[in-house]
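Please keep the sequence and the structure in view while reading.

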Amino acid sequence: MLTAGQVLQLIRQGSCRTRKDLIEFTGLSRSTITDRVDRLIEAGYIHESGVGASGGGRPPSVLDVDPGKHLLLVADLGASHARVALTDLAARPLAEEHTEMRIQRGPEPVLTWVRQAFQRLLDESGRDPARVTGIGIDLPGSVDYASGRMIRSFLMPGWDDHPIKDAIRRAFDVPILVDNDAKAMALGEWWSSWRRCPSLLLVKVSTGIGAGIVIDGRIYRGVDEAAGSIGHVRLRETDDRVCTCGSRGCVASLASGHAIARALGQETSRDVVRLVQAGDPSAIALTQEAGRTLGVVLAAAVSLLNPGVVVLAGDMAETREHYLTGIRESLYRRSLPYTTRNLKIVPSALGARAGITGTAIMVMEHVLSPGTVDAALRQ
Ligand SMILES: [Zn+2]
């Protein structure tokens, strides 16, 4: 017997658009389908809209996800920025706010800001907090997805094992998801531009380097949530540059925005972007060289995964293709042609909004999943 949550899946997937479709597709009785559909409508998950094709007589109304009744709150936290958004149930932003904030300030002040910013978004848009059905946060570190605690982040001292969900739940008692930023960005890019592509690899290069993998529309996390941790592959073990992780010769210590900034006598990856955009020859040369270095690791990743697209995100995606040029040079040179013949290597289409978009999609998928819907209907 299908649950209401499973009926919602059939509607979302486009398998069934009317009550009649549902009866024919599932073989369930009219009264059972009416019960499931009515409960989904009453709870604000779907509405009846438009008019379907008629075989004579009264045309049936079309069932569709109702984006307007439920709200999502999402936050994208980077090493030096924070962005929050209020979205509808289709993950479309209704209100947004961003600020420069150093995540190194620690979990208490940063998460307090997030809670207050969530409240501001609701107040300023005049929406009822009771309609918030899901919350998501992405961060630049490894996260235990089930518990929502940080596993480790070299950019975020003081956050290890911090109960992030509890800090948010003080204000909002709804399902809360916490994930790594590169994973969220990968889902955001896949959802916005690459939904026909069965395998996408996103590499984020800003202060550090991380990657996210989407296979068949789902984030691939790995056994220890560590899938995509390519920044600390040690390419040159005898290199004298010490990485944030304490080792020598990690690809992050050679090819991250921070590494290029240091070689240029600058502070941050934003300084590198500014110099490259201004046409500074040594910034351009070092950026291309860093791209070639990362391309060595990406050649291995591409040979393993055979993705349809590699997306470059983070600050280095804004270097007028110079970082990408470096990646392309060494990746193609070091890979067998048949692993790359259909490969596209592109900059992020969403730019600074990749993380917040992916986090909203992740929360939307969770809130509309059969298990979550059925649990919410039982309450
Ligand atoms: Zn390292």
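The model is predicted; local features require pLDDT of at least 70, side-chain atom pairs count only at pLDDT 80 or more, and totals for chains, interfaces and linings use all residues. Residue numbers start from 1 along each chain as its sequence is written.

**Domains**

The chain is divided into three parts, listed in the table. Domain bounds come from an automatic or database domain assignment.

| Domain | Residues |
|---|---|
| domain 1 | 4-65 |
| domain 2 | 71-183 + 355-378 |
| domain 3 | 195-350 |

Taken over C-alpha atoms, the centres of domain 1 and domain 2 are separated by 32 Å. Between them, 10 residues of domain 1 are in contact with nine residues of domain 2; contact requires C-beta atoms, placed from the backbone, within 7 Å. Helix α1 (residues 4-12) gives the largest share of the domain 1 side, six residues. Helices (H or I, at least four residues) and strands (E, at least two) are DSSP runs, numbered from the N terminus.

**Core**

A residue is buried if 20 or more other C-beta atoms lie within 10 Å of its own, exposed if 12 or fewer, and partly exposed in between, with C-beta atoms placed from the backbone. A nonpolar core is a set of buried Ala, Val, Leu, Ile, Met, Phe, Trp, Tyr and Cys residues joined through C-beta atoms within 7 Å. The largest such core has 108 residues, and L72, A186, L202, L298 and L312 touch the most other members. Helix α10 (residues 281-305) supplies the largest share of this core, 10 residues.

Beyond neighbours within four places in sequence, the contacts of L202 include A182, M185, A186 and E189, as well as V311 and A313.

A300 also lies in helix α10. This residue is partly exposed, because 14 other C-beta atoms lie within 10 Å. Its C-alpha atom is 31 Å from that of W159, 141 residues apart along the chain.

Strand β9 (residues 176-180) is largely enclosed by the rest of the structure, because five of its five residues are buried. It pairs with strand β6 (residues 132-139) in the parallel sense over five bridges; pairing requires at least two bridges found by DSSP. N180 in β9 is the bridge partner of L139.

Helix α13 (residues 354-367) is mostly covered, with 12 of its 14 residues buried. Its end C-alpha atoms are 20 Å apart, which agrees with the 20 Å that its 14 residues should span at 1.5 Å a residue. The expected span is 1.5 Å times one less than the number of residues.

How values were computed. Contact = placed C-beta atoms within 7 Å.
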